[in-house]
Amino acid sequence: MPPFGFLHMRVWASLFGRLLRSPRAVCIREVHFHSQFAEAVLTSQLKPQQEKSNFIIKTPKGTRDISPQQMVVREKILDMVVGCFKRHGAKRLDTPAFELKEMLTEKYGEDSGLIYDLKDQGGELLSLRYDLTVPFARYLAMNKVKKMKRYHVGKVWRRESPTIVQGRYREFCQCDFDIAGQFDPMIPDAECLKIMCEILSGLQLGDFIIKVNDRRVLDGMFAVCGVPESKFHAICSSIDKLDKISWKDVRHEMVAKKGLAPEVADRIGDYVQCHGGVSLIEQMFQDPRLSQNKQALDGLGDLKLLFEYLTLFGIAEKISFDLSLARGLDYYTGVIYEAVLLQTPAQAQESFNVGSVAAGGRYDKLVGMFDPKGHKVPCVGLSIGVERIFSIVEQRMKTFGQKIRTTETQVFVATPQKNFLHERLKLIAELWDAGIKAELLYKNNPKLLTQLHYCEDMGIPLVVIIGEQEMKEGIIKLRSVASREEVAIKRENLVAEIQKRLSES
């Protein structure tokens, strides 16, 4: 559309021509029409400016920008986690951020309502992925993969009420490790728990415990307590909230909202408040009600074998058999686990509680749900809650006032004199070509003090200084920012000297 001034002139020129050759009545109507049109154009140009003044610049609810300082911490955490996955032989996989909606529906139980649906723009109903597990199962079925040990780092989306202080967002990163394939019982499961222990110990977040249970034990418990089979998933979802709300509130939800008989809820309460080690497993084997259920006995047998392997791995003391652990996702079929940090009194007062920091379990039927012939690929895996871990680390760094370097620059190229930009550019190119991380100020004639202050602020360890005297003598001054000591290095030896110092630091 042409600018308003030009359009306005054309409108009135056209109107003037009509006035010369049209009856007066027609001219009056034309004047009225063109005046209204010109006014509408002017209004449409002004409206965006008026709306803009009321526009609030913000990130969508439940999301955030991650600053350079935060990214440094985040990358260190992710590097440590991925390093552990690789140490255990996993290969990396990636999947699309969105899937066909039908691929995700009926996989998450009550949580299916938290899936983000996308507007249909290409003839397919799509949804943003809710986790990394279901896309992995779809990948295995689609490509007919029977065995795979994989890890996946990527964003997922959940349309829930965010709790930012606890590291809960609508968009967040997950780090998953999974073992797919038919193997002897509990060996892959034990390795997953070993990986969780290695990562949580390596991140030095404090003491932790990993709660372990089995969905077969849970279902057997529900059956012997009198829960109708049609309510298993609903009651399991309620039990899963025990780490967030009291047993009294969970009982109320099961009875008042999900129609469970009060005496059945009380029988469940006797079980879900039990936790311990191998001795509790033995106790449950002798339980008069639970011992009559084959499904529960199968689960207890695998848990006993699991603890045997965990003892060999040297991590049994970090594992607790906890009958309150439910893991509400529908696709779990066997062993389930969840890691929580054990708070000190000081941490409890400072709101350090962020819930579980890692979780996972066995899902032997999920791949078969995608396979046209129903072929099953047994799977077990874990997910590290990096967002929650990041939230803890960030809080601690604020508490202790730790400073973070946002760049990895090793050397700064400086000059104390004017008209040395060309020499600085030649010198920094030489450093870059040698693989050295280097910077300079984007000014023709910066002051030396400004350059040195920049190095101190950014934590750059070394400065190379070139000036007239250095040019004449064929040397470069190499300065340590921390000690402020300077030495003269022959120009041809500079790169080797810098590499030597960096390797020693």
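Which residue just after α7 takes a positive phi? In this predicted model, in which local features need pLDDT of at least 70, side-chain atom pairs count only at pLDDT 80 or more, and totals for chains, interfaces and linings use all residues, that residue is Gly226, with a phi of about 100°. Residues are numbered from 1 along each chain as its sequence is written, and side-chain values use heavy atoms, with hydrogens and water left out.

Helices (H or I, at least four residues) and strands (E, at least two) are DSSP runs, numbered from the N terminus. Helix α7 spans residues 215-225 and is largely enclosed by the rest of the structure, because nine of its 11 residues are buried (under 20% relative accessible area, 1.4 Å probe, protein chains only). The buried positions include Arg215, Arg216, Asp219 and Cys225. Among the elements that cover them, by contact (heavy atoms within 4.5 Å), are β6 (208-214), α10 (262-272) and β9 (335-341). The N-terminal end of α7 is capped by Asp214, a side-chain oxygen of which lies 2.8 Å from the backbone nitrogen of Arg216.

Nine strands form an open sheet of mixed pairing, in the order β1-β4-β5-β11-β10-β9-β6-β8-β7; two strands pair if DSSP finds at least two bridges between them. At the edges, β1 (91-92) and β7 (275-276) each pair on one side only. Strands β6 and β9 run antiparallel and are joined by seven bridges, with Ile210 standing opposite Ala339 in β9.

Note on methods:
Buried < 20%, exposed > 50% of the residue type's maximum accessible area, 1.4 Å probe, protein only. Polar contact = N/O pair within 3.5 Å; in protein donor to acceptor, adjacent residues only side chain to side chain.
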